[in-house]
Amino acid sequence: MDISSIRAFLVVARYGSFSKASEHLFITQPAVSKRVSSLESELGVELFNRVARTITLTEAGKRLVDRAQDVVDRADDLHRFAQSLSDDIAGNLPISIAHHIGLHRMPPVLRAFNRQFPAVNLDIRFEDSDQALASVERGDIEFGVITLPSETQPNVIKEVVWQDSLTFVVAGDHPLAKVSKLTLSDLQDYACVLPNKETETHKIVARSFAEQGHSLNVQMQTNSLETLKMLVGTGIGWSVLPAKMLEDGNLVSLTLETQLNRSLGFVYHSKRTQSNAATALMASIREHAAA
């Protein structure tokens, strides 16, 4: 049984589209169709309902997805394990990095790693932390470098690399900028701009307010911290930002007794063997974080 055909089936099932699957697999759409048809012939069942432009899984297809994923995961793991038996650090390394971490913490790490291991092809996806976590859970990537969630699935391992201090900030002409000492009660009377509710940063802020019996007046939500910084600068509302983003002095840091922190680090699948390249990059990140 051809692993590439099983992989094509899974990608079409995920996207519900042969064209999107071809983009993901970097092969033509007819090639995807041929691989799926070959698998259907070998198994003796139809895996997809093909009605007009709509592609949906048949009952047989639905029941085979998990087993097919297990076959592909085992094949990929076998390949990585075989590569790890040598000392070579080379090959494709698919990882995900949260946007903020990629901008503010990873450049020196990636620069040094690329120079030290030129035979490694860094396949980096810059995405939100929750998306990267989902990629780890699916087994699409070797590991993610993200804002760590408070809870994860049992098959996901997380490792703290950095502690990120969050600072309450406003624009220089905001009424709160003139107050020397504030409480969360003071902040709840003003609008704020925060990451989306699904993000760990939003949850950290919401938990802090809820624990003291306060509520949030959320004016806007965006997962781009650079956009949040811009919105705060316009005076729309207060927000929380990593201290590293305040070095240019355009915003005013508020003084509160409440201190907020978030953990940044790795997430990876417990059943996925790490390649030599992944092990080397994770070691490099730890070394730079400790320096």
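**Overall make-up and selected residues of a predicted model**

Leu-225 is found in helix 10; helices (H or I, at least four residues) and strands (E, at least two) are DSSP runs, numbered from the N terminus. The structure is a predicted model, in which local features need pLDDT of at least 70 and side-chain atom pairs count only at pLDDT 80 or more, while totals for chains, interfaces and linings use all residues. Residues are numbered from 1 along each chain as its sequence is written, and side-chain values use heavy atoms, with hydrogens and water left out.

With a relative accessible area of 10%, Leu-225 is buried, where buried means under 20% relative accessible area, exposed over 50% and partly exposed in between, for a 1.4 Å probe and protein chains only. Apart from neighbours within four places in sequence, Leu-225 is in contact with His-100, Pro-195, Leu-241, Pro-242, Met-245 and Arg-262; contact means heavy atoms within 4.5 Å. Leu-225 and Leu-10 are separated by 215 residues in sequence and by 34 Å in space, C-alpha to C-alpha.

The protein chain contains 11 helices and 11 strands. Along the principal axes, its C-alpha atoms fill a box of roughly 70 × 50 × 30 Å. Of the 291 residues in the protein chain, 43% are buried. Among contacts with a separation of 6 or more, 73% are accounted for by residues 24 or more positions apart. The accessible surface of the protein chain is about 15200 Å², and 49% of this surface belongs to carbon and sulfur atoms; accessible areas come from the Shrake-Rupley method with a 1.4 Å probe, and for residues only the protein chains shown count as cover. There are 29 positive and 34 negative side chains in the protein chain, and the centres of the two sets lie 2 Å apart. Lys and Arg count as positive and Asp and Glu as negative, whereas His and the chain ends are not counted; the place of a charge is taken as NZ of Lys, CZ of Arg, CG of Asp or CD of Glu.

Six aromatic pairs are present in the structure. One of them joins Phe-18 and Phe-48 in an edge-to-face arrangement, at 6.0 Å centre to centre and with 65° between the planes. Because Phe-18 lies in helix 2 (residues 18–25) and Phe-48 in strand 1 (residues 48–51), this pair ties together parts that are 30 residues apart in sequence. Phe-18 counts as buried at 8% relative accessibility, and Phe-48 counts as buried at 2%. In the pair of Phe-209 and Trp-238, the ring centres are 5.7 Å apart and the planes are at 10°, so the pair is stacked. Phe-209 lies in helix 9 (residues 200–211) and Trp-238 in the loop between helix 10 (225–233) and strand 9 (239–242), so parts 29 residues apart in sequence are tied together by the pair. Phe-209 and Trp-238 are both buried. Phe-9, Phe-18 and Phe-48 form one aromatic cluster. For these assignments, rings of Phe, Tyr and Trp (its six-membered ring) pair if their centres lie within 6.5 Å; planes under 30 degrees apart count as stacked, over 60 as edge-to-face and the rest as tilted.

Several further residues were examined individually. Met-106 is located in the loop between helix 5 (99–104) and helix 6 (107–116), and at 0% relative accessibility Met-106 counts as buried. Beyond neighbours within four places in sequence, Met-106 is in contact with Ile-97, Ile-101, Trp-162 and Ile-285. The C-alpha atoms of Met-106 and Leu-148, 42 residues apart along the chain, are separated by 16 Å.

Ser-129 is found in helix 7 (residues 129–138) and is buried, with a relative accessible area of 17%. Leaving out neighbours within four places in sequence, Ser-129 is in contact with Ala-98, Ile-146 and Thr-147.

Thr-199 lies in the loop between strand 7 (192–194) and helix 9 and counts as buried at 14% relative accessibility. The backbone oxygen of Asn-196 is reached by the side chain of Thr-199 at 2.7 Å.

Most residues other than glycine have a negative phi. Phe-26, although not a glycine, has a positive phi of about 60°. Phe-26 is placed in the loop between helix 2 and helix 3 (29–43) and is exposed, with a relative accessible area of 75%.

Conventions. Polar contact = N/O pair within 3.5 Å; in protein donor to acceptor, adjacent residues only side chain to side chain.
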